[in-house]
Amino acid sequence: MGITAALSNAVSGLRATSVQSDIVSRNISNANTEGYTRKDVSLETVGGNVGVASIDRQVSGLLERLDRGNISKLSGQQTVMEGVTAYTDYLGQPSDKTSPAALLSNLKSSMIGFSGSVDAGGAQLAVVSSAKEFASQMNRLSATIQTVESEVEMNIRYDVNDLNSSLYEVAKLNKEIFRAREGTVLHARLQDDMGRELEVIAGLVDVQASSSRNGMVSLLTSGGSELVRGVDVFDIEYDGMTGVLTAGGVNITPGGGNRSFSEGSLAGLFELKDEILPGFSGQLDAMAAAVVEGFERVAPITLDGRGLFTDAGGAYNATTIEGLASRIIVNSAADPDLGGSTAVIQNGSNAAVPLSDNSLALSMVALFNEPVVVPTAGLGAALSLMDMATTMTGTHQQKRVSAESATKATSAAAATISSSKLNLQGVNIDDELQKLMLVEQSYAANAKVLTTVNNMLDTLMNAVR
Amino acid sequence: MLGISTTATAQKSFELRSRIAEQSGNLNQASIELSTGFKQDAYKDVRGVSGETLSFRAEIDATEAYVLSNSLLSRKMDSISDSLSSMREQAGDFSNLMLSGDIGGMHRDVLRSAAKSTIEQITSKLNSSYAGSYVFSGLASDTQAVVQNADWTVTYTGDTTGSLSARIDEETTLDYGVRADDPGFTNIMDALAVVASTDLTSLSDADFSTLRNSTVSAMSSGLERLIEIHTSLGDKQGVVERTAERHGALKSIYSEAMLNIEGVDAEEAAVRLTSIQGQLQATYAVTARMSEMSLLNYL
C-alpha cells in the first residue's frame, strides 16, 4: 500500500507489457512461418502486481489430429498418382497414337493394305515398320515401369531414412520438453517444433500420436506398432531383398499384416511396388505374349516356325512370359535393318510361294479379331488381340484417373480442415497490430504512472527539504 | 474472456493463391480444348469408356485402311476389266471378219494377217500389268502370263495354284483374279493360232469352210466364256463399290462415336473459357484489394 506499491505495480506493468510486445512481435514476424502457432500471454495478478502466468499456444488437438490424418492420406494418394502418371504419360491421350492400342491398330491397318497388295515391297515394308514401332513401344513401356520401380525402391529407402531421423527428432524433443518448464516460451516453441515434426512423419506414415500431460509424445503406427516411446526410438529398417519393413524388429510392411500402416507416402510407395506396378507390368507382358504367340501360331514366317514377332529371337514360351514386353522384337528375318527381307512376311521364307499369294497376310489380318489364347493377366476372358490392347491401355489410364480423382477429393476435404487449423493457430497481422496498440497504450500508461509517482515523490522530497 | 476468431494472414493469402492456381489450370484446359477440339484428358472426362474410344479409333483406322486398299483394288479391277473389254472387242472383230463376205471373194491373206495381229494384241493385253504386277498370271504376279511361240500358239507361263484375292472388309475375301489359262482365252488363242499358221490360200473352199466353221465356233465359245468372266468381274466391282459406300458410312458412325467421347463442344468450351476468364479477373481484383487492406496503412 502506498506510493512504493504504486511504483512496483507500474514496474510490473512495464515488465508484462514488454513480454506482451515480445510475443506480439514474435507472432508478427512468424506470420508466414509454416507450423508456427500463435502465442498469447496470459496475465495474472500477484499481490496487486501484474505477472505473466503463461505463454499459451493456440491449438486444437482435434484439428491437428484430423489434419495429420489428411496429410497421410493425401501424401499416400499423391505418391501413387505420381508413380502411375510417370508410366501413363508414355501411353498418351487417344489422339497421340502412342499407346499399344494405337500402335497395334496401326499395324493392323498396314496389314490390311499389305493383304491387298502382298507383292508390293512398299506394303511389306509398311507392315514391318509398324510392327517394329509396336515392339519398341512395348519395350519402352516395360523399361519405363522398371525405371519407376527402381525409383520407388530408392524412394522407400529415402522415406525410411527421413522417418528414422524424424523419429529421433521426436525422441530428442520429448527429452527437451520434459526438461522445459510448462508455460514458458521455450516450452511453447518446443511444442511447435514437435507439431512440425509430427506433420513430417504424417506425410510418411499415418501414426497415432498421444501426448502425456507435460507434452511428451508417444508414436504408434495406425496398426499399433510402437515407433517412439518417450525417449526410445524403435528403428525402422527396410530389407530390399525381401521387401520387408520393420520397426524395432516388428514387421510393419504395408499390406503385410495388421500391425502396419496404410497411408502416407511410404504406404503409397509399397502399394506401387507390391501391387500397381507389377499389375501393369504383368499385363504388358501378357499383351506381348498374345502378340508373339498369335503371329507364331497363325502365320509362321521363317522355317524355324517363328512368327512376325519373337521373344528376343526365340519362340514363344508359356513359362517365360514374365518380362516378355521388354524382349519382344520383330523377327530379324523380316527386318531389312538387320539384314532380313520383308518378303518373308508374304512367302514365309519359301521361295516357291507365288508372289501374290496372300494367305499369310489374310491369316495375320484375321488374327487381330481372333480370341487371344494366352493368359490375359486379369484383362478379361475371350478378348481379341485388338480388344486386349484397348482394354489394357484403358485400364492403365483409368488407374491414373482414379488416383487423380482420389487425390483431388482428399485434397479438397483436407483443405477445409487445414484452413480451419491454420485460421485457429495462425497469425492475423491486423489482430496482432491491434494488440500491439493496446500494449503500447498500457506501456505509456504504466510509464505515466511511474513519472507521476516519481513527481509525487519529488514533490514530497522538496517539501521535506 | 471470449476469444476472437480471426483468419490467419498466411492462410488468407494461401487460399487466394490456390484459387488463382486452380482457375489458371482450368483456363489453360479450356483454351487447349477450344483450340484442339479434343478433351485435354479424354480418359478423365469419360470414365469407364476409355477403352471404348480406343476401340472406335482402331475401327476407324481399319476402315480407313480398307477404304484405301479397296480403292487400289477397284482401280486394279478397272484395269483388268478394260483389258477384258479390249480383248473381247479384238476377238469379236476377228470373228466378224471371218464371217463377213462370201468365201471365194475373200482375201484369205488378209484374214491370216488379221489372225496374227489379233494374237499379238491379245497376247500383249494378257501380259499387261498394273502397278508393276502382271494381272493375268494368277498368283505369280512377277511373271508374264503368256509367251508367244514361233508357231503362233501361246504358252501359259503364270501360276496355276490360285487366283488373285483381296480382303475387302473384316469378313469378306474376294477372289477377283482372271487367269490367262482360262478356257475362254485358250479357246480363242488356239483357234487364232490355227488360222495364223495355216496357208489359207492353198486350202480348197471346202477345207476353208470347215476351218472357218470350227474357228468361229471355238471363238464364240471362248467369247461367251469371256463375257461370263467379265460379268462376274463386274459383279465383284459392284461388291467393292458397295463396300466402299458402307465403309464411308461406318467411318462416320465410328468417328461420331469417338468424338462423342473425346470431342469438345466448341461453343461450350468458349463459354467456359469466358466465364473462367471473368472469375480469374475477379480473383485478381480481390487479391489486389485484399493486399492493400491492412491496419498498417492507418497507423
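The contact between chain A and chain B takes 52 residues from chain A and 45 residues from chain B, where contact means heavy atoms within 4.5 Å. The model is predicted: local features need pLDDT of at least 70, side-chain atom pairs count only at pLDDT 80 or more, and totals for chains, interfaces and linings use all residues. Residues are numbered from 1 along each chain as its sequence is written, chains are lettered from A and ligands numbered from 1 in the order in which they are written, and side-chain values use heavy atoms, without hydrogens and water.

The two chains bury about 4000 Å² between them, with 53% of it on carbon and sulfur atoms. Buried area is the accessible area (1.4 Å probe) that two parts lose on being put together, summed over both. On the chain A side, Pro94(A), Ile112(A) and Asn423(A) lose the most area to chain B, together 14% of what that side buries.

Salt bridges also span the interface. The rule finds 4 of them there; it asks for a side-chain nitrogen of Lys or Arg within 4 Å of a carboxyl oxygen of Asp or Glu. Lys97(A) and Asp61(B) meet in a salt bridge at 3.2 Å, N to O.

Helices meet across the chains as well (helices are DSSP runs of H or I, at least four residues, and strands runs of E, at least two, numbered from the N terminus). Helix 10 (residues 385–425) of chain A packs on helix 3 (residues 50–99) of chain B at about 140°, with axes 8 Å apart. Axes are lines fitted to C-alpha atoms, for helices over the stretch in contact, and angles run from 0 to 180 degrees between N-to-C directions. The two helices are therefore oblique to each other (under 35 degrees is roughly parallel, over 145 roughly antiparallel, 65 to 115 roughly perpendicular and the rest oblique). Residues of helix 10 of chain A in this contact include Met386(A) and Gln398(A), and those of helix 3 of chain B include Leu54(B) and Ala58(B).

Within chain B, helix 5 (residues 183–197) and helix 6 (residues 205–262) pack at about 155°, with axes 7 Å apart. That makes helix 5 of chain B roughly antiparallel to helix 6 of chain B.

Over all chains, the count comes to 31 salt bridges. Asp335(A) and Lys132(A) form one of them, at 3.0 Å, N to O. Asp335(A) lies in the loop between strand 11 (328–330) and helix 8 (344–347) of chain A, and Lys132(A) in helix 4 (residues 121–179) of chain A, so the pair ties together parts 203 residues apart in sequence.
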